[in-house]
Amino acid sequence: MGCYCSTSKKTEAQGYEEPTVLASVTPFTVSEVEALHELYKKLSNSIIEDGLIHREEFQLALFRNKNKKNLFADRIFDLFDLKRNGVIEFGEFVRSLGVFHPNAALEDKITFAFRLYDLRQTGFIEREELKEMVLALLHESDLELSDDMIETIVDKTFSDADINGDGRIDQDEWKAFVSKHPSLIKNMTLPYLKDITLAFPSFVAGTDIEESEM
């Protein structure tokens with residue numbers, strides 16, 4: 001029998017999964033997964049041409065800046081990097097983006113958002129973590145608020161969410177809080193993922209993917 005390796009598929013070998021497999025475990029159709037693969041190839045070769053999405057490439061796609069330290073981008077990268085090996089492989093990319101699909105389960109969106117805020121991965125959202133994320137999101141939106149205003153926002157949010165008053169928000173409290181304030185996870189649904197062949201969603205602005213898959 002010949003060599004196992006295939007030179008034509010070399011860049012797809014690590015983490016590549018067949019579209020039919022990924023379509024069976026995500027809300028995406030086979031054609032949507034194929035379109036995502038075209039996008040993935042562009043993102044994964046934007047800085048380092050190895051067919052894998054590195055942290056700098058992910059940050060460049062999200063914020064058009066590969067060098068600026070960004071807590072929000074770092075947390076999303078870490079959640080997409082399911083194998084915890086420092087890169088996002090194609091299978092991880094599709095599976096993680098599936099959470100943002102309009103047809104994805106609400107429960108999955110709430111859980112993803114909880115893990116996003118749980119910076120230290122303790123299974124709880126603590127006040128300082130909430131404040132760090134609020135500051136990061138304000139920084140990205142270029143909103144200028146006084147320190148007192150930020151503390152007020154964090155205090156009010158935390159007191160509303162921390163139902164049992166133990167100084168941290170658990171997953172049940174988070175779920176109850178989100179059910180009262182659904183706008184908290186509105187960014188967890190990307191309408192364009194229903195028509196991924198047109199362009200990558202605004203969630204990852206600035207990749208300038210051509211509308212060639214019509």
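How are α7 and α8 oriented to each other? Let us work towards that pair from the whole chain. This is a predicted model, in which local features need pLDDT of at least 70 and side-chain atom pairs count only at pLDDT 80 or more, while totals for chains, interfaces and linings use all residues. Residues are numbered from 1 along each chain as its sequence is written, and side-chain values use heavy atoms, leaving out hydrogens and water.

The protein has 9 helices and 4 strands (DSSP runs of H or I with at least four residues, and of E with at least two, numbered from the N terminus). Starting at the N terminus, their order is α-α-β-α-α-β-α-α-β-α-α-β-α. Of the 214 residues, 41% are buried, meaning under 20% relative accessible area with a 1.4 Å probe, protein chains only.

Now to our two helices. Helix α7 spans residues 127–141 and helix α8 residues 147–161; their axes come within 10 Å and cross at roughly 130°. Axes here are lines fitted to C-alpha atoms over the stretch in contact, with angles from 0 to 180 degrees between N-to-C directions. α7 and α8 are therefore oblique to each other; that word covers what remains once angles under 35 degrees (roughly parallel), over 145 (roughly antiparallel) and 65 to 115 (roughly perpendicular) are set aside.

Where they meet, α7 brings R127, L130, K131, V134, L135 and L138, and α8 brings I150, E151, V154, D155, T157 and F158, with contact meaning heavy atoms within 4.5 Å. The residues of this contact of α7 with α8 comprise 7 nonpolar, 1 polar and 4 charged.

Note on methods
Nonpolar A, V, L, I, M, F, W, Y, C, P; charged D, E, K, R; others polar. Buried < 20%, exposed > 50% of the residue type's maximum accessible area, 1.4 Å probe, protein only.
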